[in-house]
Amino acid sequence: MAQVVDHAERALVDSEANVYVRGGELVRVVESMALPIGRKNTIKRAHGAPMIAAHTVVSLADCLNRVALFLRFDQRDRHWKSADCPKEVAETLLSRVGMWQFRPLTAVISAPTLRPDGTILSEAGYDQATGFLLIEGMDLPAIPEEPTLRDAEEALATLDGLLEEFPFEGGTDRSATLAMLLTAIVRPSLPTAPLFAITAPTPGTGKSYLADLAAVLATGRRAAVVGGSCDEDELDKRLGASLMAGDTILNLDNLDRPLKSERLCQVLTQEVVKFRILGRSTNIDTPTKALMIATGNALRVHGDLTRRALLIRLDAGQERPETRKFKRDPVQVAIIDRPKYVAAALSILRAFIVSGESVGSPSLGSFTEWSNWVRSALVWLCRPDPVGAMEKARGTDPERERTSEILAALLPEGTWTVKELSRRLAPDVSINLNLRDALASFLKHNQFDRHGFGNWCAKHQNRPVSGMRLVEAGVDAKAKVRRWRVESVHQDHDGLSLKSVAGTAGTRGDSFPLRTVSMTK
């Protein structure tokens, strides 16, 4: 049996069958319709969108029957006869985790992209250097081997033309949107990329349309949509199902509450995340090669997500923006002339890479390679720094607002222990009403939650917020518990400016040209 399985595997490898290794599983690429999640929810995909699915015993046996001839010896006739692939062969092959000779599958892409070393990948099929499977060829307009600054400026004008009628609130919002379009094309080659959160004060302003525009450039189809208005556990399941299926762009659509998710934080800053397969107790290593987009009216990003998100604001200044008339449909334009816009995006990034110039931009933690490529290319072309949109996300963080309110109320209280603070908040004690209002979430039936507030203090100590921070003020000698106080801290309100400087780009191995980092105030 071992020899038979060896020969069967070799037949699949030699024929380049639809069998790949991904996340410790044998997988295949199929065309998909909606993928059910749980009992009620689905990931909405365009018909025919590519999807990665795990091989089963039946599907693997089917592949073997197509590429190999199985024979069994007939004892009655005393000669060999053709037969179907034995079930045991497929089962044994599936069980050989870590021993497979099949090609690793990093991502399934539908548009030419840049490899991590900066070269253009445009030939359909499997790319040995990256593990990308480009499933659709594209007749791109000619891209110079070494595009010039002028080439990049013309390409940026072409790409920017798609955004003419979107009502951006400011230049940073438009620049962040251009960063989203560029990221959509090269996301598989980037280890990590930030979340692009699109918001507007009223429905019908074009939030989902903007997400679809990025998806059309990268995939030729509208974005796979996941309802994001759910609890964290349900969102965890949806993210896992989408990433395991190989979606390269995912839109958390129509959020009606602040976006908060520890798992989404992991997806944005880790190259591989473990997800549990629905209905099984098995966890698999899942690559996070997807551009994450979120949309919602008055969308707010919560907690740790604020440093991982660029907030793009649209505002049409109308009560019913859906009634506006447009000169053209940018999504349809992108579909019709998709090769032109894909080539424009590749030209912009390629021109910046071969220029050898450096952009003095502060390092962006967790997204260094994205900053070296996408962010730096836009700053090089004299566009506003798209990371300015990250400050917008931080400014709307409800957790930061709550923390600031609590610290401001505690600032005049001097030093205190949690127990002493609890006494001050007793119903029969007259205290500053601002303090009671600020700590209202810790008051349950007029009883102060000392344990919960103690955990809050431990979590937020030494963290500067709005020019204040909570610090430990020693240990109470009698009670042997920590004392706390809020102190003012110096806060530099000067902005960071970016300037182009001549220089030579360094490299890390053979990939991701690095840029000289400098900061000016």
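The structure is a predicted model, in which local features require pLDDT of at least 70 and side-chain atom pairs count only at pLDDT 80 or more, whereas totals for chains, interfaces and linings use all residues. Residues are numbered from 1 along each chain as its sequence is written, and side-chain values use heavy atoms, with hydrogens and water left out.

The protein contains 16 helices and 28 strands, assigned as DSSP runs (helices: H or I, at least four residues; strands: E, at least two) and numbered from the N terminus. Of its 521 residues, 50% count as buried, that is, under 20% relative accessible area with a 1.4 Å probe and protein chains only. Contacts are defined by heavy atoms within 4.5 Å. Among contacts between residues at least 6 apart in sequence, 72% join residues at least 24 apart.

An open sheet is formed by 4 strands in the order β5-β2-β1-β8, with mixed pairing; two strands pair if DSSP finds at least two bridges between them. Strand β1 (residues 20–22) pairs with β8 in the parallel sense over 2 bridges. Tyrosine 20 has arginine 103 of β8 as its bridge partner.

Helices α5 (residues 171–186) and α6 (residues 207–219) have axes that come within 8 Å and cross at roughly 30°. The axes are lines fitted to C-alpha atoms over the stretch in contact, with angles running from 0 to 180 degrees between N-to-C directions. Helix α5 is therefore roughly parallel to α6, a class covering angles under 35 degrees. The contact involves Thr177, Met180, Leu181, Ala184 and Ile185 of α5, together with Leu210, Leu213, Ala214, Leu217 and Ala218 of α6.

Leucine 239 lies in helix α7 (residues 232–244) and is buried, with a relative accessible area of 1%. Beyond its neighbours within four places in sequence, leucine 239 is in contact with Leu250, Leu252, Ser261, Arg263, Leu264, Phe275 and Met292. Leucine 239 and isoleucine 43 are separated by 196 residues in sequence and by 9.6 Å in space, C-alpha to C-alpha.

Note on methods
Parallel < 35°, antiparallel > 145°, perpendicular 65-115°, else oblique.
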